[in-house]
Amino acid sequence: MLRFLAGRAVGMAVTLVLVSVMVFAIMELPPGDYADRYAFRKYSGTGVTITEADVAAIRHTLGLDRPAPLRYLDWVGGIVLHGDFGKAYAFETSVNAIIGQKVWLTLGLLFVTLVLTYAVSIPIGIYAAVRRGTATDYGLTVLSYLGLALPNFLLALVLLYFANRWFGASVGGLFGQAYEKAPWSAAKLWDLVKHLWLPALVLAWSAMAYQIQTVRATMSDELGKLSVIAARARGLPEMRLLLKYPARLALNPVVSTIGFDVNRIFSELPIVAAVLGLTELGDLLLKSFLDLDMNVAGAILLLLTVVIVGMNFVSDLLLAWLDPRIRLGG
Amino acid sequence: MLSVENLSVTFRTDEGIVTPVADVSFALAEGRTLGLVGESGSGKSVTAKALMRLLPGTATLGAHSRMRYVDKAGQAIGIERLSPRARALRRLRGGEIGMIFQEPMASFSPVYTIGNQITEAIALHRGLKGRAARALAIEMLAKVGIASPERRIDQYPHTLSGGMRQRAMIALALSAGPRLLIADEPTTALDVTIQAQVLDLMRGLQCDLGMAMIFISHDLGVIAQVAQEVAVMYLGTIVERGPVRALLQAPAHPYTRGLIAAIPRLDRLEGRLHPVPGEIPSPSARPAGCPFHPRCAEALAGICATRVPEPVDLGGGRVVRCHLHTGERSVA
């Protein structure tokens with residue numbers, strides 16, 4: 001067990017280092033750097049002529065002329081040691097100030113989305129497998145294929161339309177207007193919950209459809225296993241039998257793909273954020289790319305990948321907890 | 001204690017309706033062992049599963065099928081009439097009739113300890129929980145010859161050897177206190193030496209506990225060691241049944257003769273093997289008349305291919321289904 005965990009932890013650390021290098025490389029890709037921007041911001045409209053030498057001087061004072069590996073170490077060091085993601089170009093402020101609470105909103109949205117995905121797909125998948133071959137099963141299967149086929153942003157638009165018609169109020173964004181800038185309170189939290197279900201549903205949609213198929217397939221396999229027949233042959237009531245034996249094993253593929261689901265959700269985040277007018281990281285990521293604000297984009301990319309890698313680790317832990325063959329290295 | 005009459009099972013499949021068990025009748029007295037023998041696909045396992053009502057939803061029992069079981073309290077139960085969700089059926093499964101399977105690995109769930117699965121059966125049928133259930137489970141594991149059972153009980157199935165797993169499976173089935181044990185090829189997946197140990201164990205336990213047993217095997221040699229009576233199945237029909245010695249010494253059905261001749265013998269290494277000629281037809285293409293006639297060297301022209309032979313009582317508990325014994329003569 002310890003060896004398994006240690007192996008996974010080392011793997012995670014290596015992945016994180018590689019990811020940070022890749023993100024740094026992406027940040028370096030666009031032409032122009034903070035010194036260009038700084039000079040442009042400071043002197044545009046003032047009539048001052050800026051020469052290459054001026055920019056180079058700014059670059060030097062900011063330490064941006066040093067070799068890339070050194071700057072990479074600076075950047076990573078700042079993040080790891082001080083939690084400091086550096087300066088934001090476009091906003092003349094630090095990345096931390098911009099990202100701030102949006103990180104928590106994003107993580108909250110992710111968490112709600114995951115819970116929704118599994119709360120819906122696991123029971124439905126199990127039910128469809130138990131009722132395999134019946135009209136209910138076919139109905140659910142068709143619905144889940146629909147879920148896979150329908151693009152998220154389209155679903156977002158449709159839901160937005162209906163939510164608007166039925167609930168009247170503006171349903172875009174994560175907060176009502178009254179609470180957007182308000183300090184945190186119970187009322188603001190409730191307001192968040194009222195707004196969160198829609199983006200969570202849109203983001204969960206395809207993951208749900210996919211996981212229903214996975215659970216149904218594994219559960220169908222498990223139902224035919226001899227161990228299930230053997231448990232039935234010792235007189236176990238059917239409901240207890242289903243939950244204790246096949247359903248438990250049908251969780252394995254779901255648990256082992258939590259990381260993929262997080263990945264899928266993050267990939268869809270920017271577009272869904274744009275359609276639904278969300279003000280969390282997805283929206284910011286899109287904007288920062290458009291502005292070539294690479295420090296912000298890099299910070300967000302890094303945070304999202306850390307979450308994905310972290311969730312992969314969590315899924316390994318859960319899998320080891322669920323399945324003794326993995327835990328005991330059998 | 002158990003009597004089965006006219007048991008037929010049909011399955012709906014993509015290739016149409018197949019009948020893996022057709023008109024099977026036998027009876028079993030308390031404490032006795034019946035051996036069910038036949039090639040794969042002869043309907044042995046389906047018969048066993050029908051007795052426990054473990055057949056999948058695509059299976060239907062024939063209208064005249066009767067399975068009468070007298071339980072511990074002396075109550076007669078019509079197994080074929082129990083509703084799938086009935087309490088009585090759950091009591092029957094495990095508590096009255098225990099079952100062990102061919103694959104000891106697959107019969108345990110890999111994600112729970114041996115002890116978890118044994119105490120589950122104990123809780124269901126003996127009403128014991130916690131320590132008492134655990135103590136009984138350890139006692140049962142010791143009884144089936146597992147060394148240091150107090151340690152094994154907390155192990156997962158994949159950490160045990162094949163023979164050990166089958167012993168644990170026997171312990172599980174017996175811990176619920178059944179009066180009848182159905183063993184579906186319990187030793188087929190084991191090495192020959194382990195096989196002998198497990199057979200020995202089962203015979204001993206059966207004597208101790210006074211259980212009846214239905215022992216399913218494709219191996220007449222194994223059946224001869226454990227059973228008092230034997231029923232030979234071919235394509236879902238019992239072609240011959242009777243006391244094991246009499247049947248082996250003077251087989252009445254050509255198929256039984258073929259099976260006995262096909263057993264490899266260590267004392268006659270020079271001779272060739274004598275397989276039963278031909279192959280088992282696919283279950284969806286069941287031959288008309290006597291199901292064995294296409295492979296039978298003694299088939300009577302004009303009779304065996306058209307008429308299903310009725311059971312003939314040969315006396316001494318022996319019954320055979322063969323036109324050679326009905327006094328029919330070849331119609332040229």
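## Where the two chains meet

How many residues does the contact take from chain B and from chain A? It takes 25 from chain B and 20 from chain A, where two residues are in contact if their C-beta atoms, placed from the backbone, lie within 7 Å. The largest share comes from α2(B), with five residues. Helices here are DSSP runs of H or I with at least four residues, strands are runs of E with at least two, and both are numbered from the N terminus.

By class, the side of chain B that touches chain A has 12 nonpolar, seven polar and six charged residues. For that tally, Ala, Val, Leu, Ile, Met, Phe, Trp, Tyr, Cys and Pro count as nonpolar, Asp, Glu, Lys and Arg as charged, and the others, Gly among them, as polar.

## What kind of model this is

This is a predicted model, in which local features need pLDDT of at least 70 and side-chain atom pairs count only at pLDDT 80 or more, while totals for chains, interfaces and linings use all residues. Residues are numbered from 1 along each chain as its sequence is written, and chains are lettered from A and ligands numbered from 1 in the order in which they are written.

Chain A has 15 helices and two strands, and its C-alpha trace spans about 90 × 55 × 35 Å along the principal axes. Of its 330 residues, 33% count as buried, meaning that 20 or more other C-beta atoms lie within 10 Å of a residue's own; exposed means 12 or fewer, partly exposed is in between, and the C-beta atoms are placed from the backbone. Among contacts in chain A between residues at least 6 apart in sequence, 73% join residues at least 24 apart. One helix to look at is α4(A), residues 68-82: its 15 residues reach 20 Å from first C-alpha to last, close to the 21 Å expected at 1.5 Å a residue. That expected span is 1.5 Å times one less than the number of residues. Just after α4(A), Gly83(A) takes a positive phi of about 65°.

The chain splits into domain 1 (2-95) and domain 2 (96-327), with bounds taken from an automatic or database domain assignment. Their C-alpha centres lie 33 Å apart. The contact between them takes 24 residues from domain 1 of chain A and 21 from domain 2 of chain A. On the domain 1 side, α1 (2-28), β1 (87-88) and β2 (93-94) of chain A each give two or more residues, and α1(A) gives the most, with 11. That side divides into 15 nonpolar, six polar and three charged residues.

## Chain B: how its domains sit together

Chain B is also divided, into domain 1 (2-234) and domain 2 (256-265 + 273-325). The C-alpha centres of these two domains lie 28 Å apart. Their contact takes 11 residues from domain 1 of chain B and 10 from domain 2 of chain B. Two or more residues each come from β2 (16-28), α9 (220-226) and β10 (229-234) on the domain 1 side, and the largest share, four residues, is from β2(B).

Glu39(B) is found in the loop between β3 (33-37) and α1 (44-51) of chain B. Leaving aside residues up to four places away in sequence, Glu39(B) touches His218(B) and Ile280(B). The C-alpha atoms of Glu39(B) and Ile280(B) are separated by 8.2 Å, though the two are 241 residues apart along the chain. Glu39(B) counts as partly exposed because it has 16 other C-beta atoms within 10 Å.

Helix α5(B) (residues 130-143) has 14 residues and reaches 20 Å from its first C-alpha to its last, close to the 20 Å expected. Which of its residues are buried? They are Ala133(B), Ala137(B), Ile138(B), Met140(B) and Leu141(B). These cover an arc of only 160° around the axis, so they are on the same side of α5(B); the arc is that of the directions from the helix axis to the C-beta atoms. What covers them includes α4 (114-126), α6 (149-152) and α7 (162-175) of chain B.

On the other side of α5(B), Arg131(B) and Glu139(B) are exposed. Ala132(B), also found in α5(B), is partly exposed because it has 14 other C-beta atoms within 10 Å. Just after the helix, Gly145(B) takes a positive phi of about 80°.
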